[in-house]
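Let's take a friendly walk through this structure, ring by ring and contact by contact. Have the viewer open as you read.

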Amino acid sequence: MVVHEFVAPGSRVVIQTATWRDLPALRHLEKVCFPKDAWPLLDLIGVLTFPNILRLKAVHGDHMVGFIACDLRPAEDLAWIATIGVLPPYRRQGIGRALLNAAEQALSVRWVRLNVRLGNAAAIHLYEEMGYQRAGLWPAYYSDGEDALIMEKRL
Ligand SMILES: CC(C)(COP(=O)(O)OP(=O)(O)OC[C@H]1O[C@@H](n2cnc3c(N)ncnc32)[C@H](O)[C@@H]1OP(=O)(O)O)[C@@H](O)C(=O)NCCC(=O)NCCS
């Protein structure tokens, strides 16, 4: 199902619901996007199959070039952005923003939250541009000791 469609500079990209068939592409994307924190295979299978997860992919031609997953917590009126990534050759073309936009539109909760490495300027810029605000810090959250910045947005 096409959720959203837009034209990045020189290319047509569609945003669709991801399925378990996307596992090989997601595995590749995770390794490339998160060299320090790539999820193990079981987590990737989970994110593509478990209930209460919104999973969207950005597709160029036949290839997944971006992915976002949100963990839905309706009892807390909250969704948590579990992961978002775009393959390097496709960055700075609006695909990350489009994925985030499509996810927000598909959510029916009041709050969206996420954690991001404090040094991840690209992602923090994207979130700030999309209206996310700094909401806290988890010291030494990541395995290499880097702090996590918590950001949130009221939809
Ligand atoms: C973060 C990420 C998903 C952004 O994807 P993207 O498709 O390049 O983002 P967009 O092109 O939609 O960028 C939207 C805005 O975000 C900001 N932004 C994105 N990349 C940036 C960078 N490298 N430096 C500064 N600002 C940046 C800009 O404001 C940009 O708008 P502009 O291009 O008009 O200036 C991508 O860099 C990525 O996959 N990084 C590795 C994985 C990761 O860190 N994920 C986040 C984990 S919390």
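The sections below cover the aromatic rings, the nonpolar core and the ligand site of this predicted model.

## Aromatic rings

Searching the whole structure turns up four aromatic pairs. One of them joins W80 and W138, which are stacked, with 5.9 Å from centre to centre and 5 degrees between the planes. Because W80 belongs to strand β5 (residues 78-86) and W138 to strand β7 (residues 133-138), this pair ties together parts that lie 58 residues apart in sequence. The two partners can also be described by their accessibility: W80 is buried, at a relative accessible area of 12%, while W138 is partly exposed, at 34%.

## The nonpolar core

The largest nonpolar core has 44 residues, and the members that touch the most others are F67, I68, L99, Y127 and Y132. Beyond its neighbours within four places in sequence, its contacts include I15, L56, F67, I68, I84 and V86.

## Around the ligand

Which residues are closest to the ligand? Among the 21 that surround it, they are I84, V86, G96, R97 and N120.

One lies 2.7 Å from an N or O atom in the N120 side chain. On the backbone side, a ligand oxygen is 2.8 Å from a polar atom of G96, and a ligand oxygen is 3.2 Å from a polar backbone atom of Q93.

Conventions:
Residues numbered from 1 in each chain as written. Predicted model: local features only at pLDDT ≥ 70, side-chain atom pairs only at ≥ 80, totals over all residues. Heavy atoms only, no water. Phe/Tyr/Trp six-rings, centres within 6.5 Å; stacked < 30°, edge-to-face > 60°. Helix = DSSP H or I, 4+ residues; strand = E, 2+ residues; numbered from the N terminus. Buried < 20%, exposed > 50% of the residue type's maximum accessible area, 1.4 Å probe, protein only. Core = buried A, V, L, I, M, F, W, Y, C linked by side-chain atoms within 4.5 Å. Contact = heavy atoms within 4.5 Å. Near = heavy atom within 4 Å. Polar contact = N/O pair within 3.5 Å; in protein donor to acceptor, adjacent residues only side chain to side chain.
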